[in-house]
Amino acid sequence: MTGNTAPASSLDPAIAARLKRSADGLIPAIAQQYDTGEVLMLGWMDDEALHRTLTTGRCTYWSRSRREYWVKGDTSGHVQHVKSVALDCDKDTLLVKVDQVGAACHTGDRTCFDADVLPLGK
């Protein structure tokens, strides 16, 4: 990751060349349950996190607060098994379809979008 102590990435250069990253070298990654379409969470990936996700079959994210890589489920057991990864039309967001084991949210909720649904105007 640019400006960090993260190791150089092993991401395929042809894939890396297609990505439009934020100023800090990250790309948002939306995790979605592959069979139901349920949106589970949003995480951030740099090139190395994407490489690890593509090659291990487990979602690896970059923690902006801890400034380190984390593999979803390594501490909680709530693993994300990767089924597919797609780049959106603007090449600035990833959609990672996963088979989620347990809760996706660190709060214990199934998704990060369960707890605070905003009211719609009439």
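Predicted model: local features only at pLDDT ≥ 70, side-chain atom pairs only at ≥ 80, totals over all residues.
I placed Thr111 in the segment after strand S6, which runs 94–100. Is Thr111 buried or exposed? Its relative accessibility is 3%, so I logged Thr111 as buried, the cut-off being under 20%. Next I looked at its side chain. The side chain of Thr111 makes a polar contact with the side chain of Asp114, at 3.0 Å.

Val39 sits in strand S2, residues 39–45. Its relative accessible area is 39%, so I wrote down Val39 as partly exposed. Which residues form a nonpolar patch on the surface? I found Val39, Leu42 and Phe113 there, with about 270 Å² of accessible area together.

**The annotated range**

I checked the record. UniProt, in an unreviewed entry, places the feature "domain: Phosphoribosyl-AMP cyclohydrolase" at residues 41–113. I then looked at the make-up of that range. Over residues 41–113 the chain is 14% helix and 38% strand. The end C-alpha atoms of the range are 7 Å apart.

**Salt bridges**

How many salt bridges does a search of the whole structure find? I noted five.

I took Arg110 and Glu38 next. These two form a salt bridge, with the closest N and O atoms 3.1 Å apart. Arg110 lies in the segment after S6 and Glu38 in the loop between S1 and S2, so this pair ties together parts 72 residues apart in sequence. I listed Arg110 as partly exposed at 29% relative accessibility. Glu38 also counts as partly exposed, at 28%.

I moved on to Arg21 and Asp47. Their side chains meet in a salt bridge, 2.8 Å from N to O. This pair links distant parts of the chain, 26 residues apart. I found Arg21 in the loop between helix H1 (13–16) and strand S1 (27–33). Asp47 is in helix H2, residues 47–56. Asp47 counts as buried at 18%. The cut-off for buried is under 20%, so I filed Asp47 on the buried side.

I recorded Arg52 as partly exposed, with a relative accessible area of 26%. Glu48 is buried, at 8%.

**Helix H2**

I stayed with H2. Which residues of H2 are buried? I listed Asp47, Glu48, Ala49, Leu50, His51 and Thr53. What do these buried residues pack against? I found H1, S2, S3, S4, S5 and S6.

I looked at both ends of the helix. Asp46 caps the N-terminal end of H2. A side-chain oxygen of Asp46 lies 3.2 Å from the backbone nitrogen of Glu48. After the helix comes Gly57. Its phi is positive, near 80 degrees.

I then looked up residues other than glycine with a positive phi.

I noted Arg67, with phi near 55 degrees. Arg67 is in the loop between strand S3 (60–63) and strand S4 (68–71). I marked Arg67 as partly exposed, with a relative accessible area of 48%. The cut-off for exposed is over 50%, so I did not file Arg67 as exposed.

I also noted Lys91, with phi near 65 degrees. Where is Lys91? I placed Lys91 in the loop between strand S5 (80–87) and S6. Its relative accessible area is 32%, so I logged Lys91 as partly exposed.

Terms used: Residues numbered from 1 in each chain as written. Heavy atoms only, no water. UniProt positions renumbered as here; feature names shortened; annotations may be inferred. Helix = DSSP H or I, 4+ residues; strand = E, 2+ residues; numbered from the N terminus. Buried < 20%, exposed > 50% of the residue type's maximum accessible area, 1.4 Å probe, protein only. Polar contact = N/O pair within 3.5 Å; in protein donor to acceptor, adjacent residues only side chain to side chain. Patch = residues over 30% accessible without salt bridge, like charges linked within 9 Å, V, L, I, M, F, W, Y side chains within 5 Å. Areas by Shrake-Rupley, 256 points an atom, 1.4 Å probe, with all protein chains shown as cover. Salt bridge = Lys/Arg side-chain N within 4 Å of Asp/Glu carboxyl O. Contact = heavy atoms within 4.5 Å.
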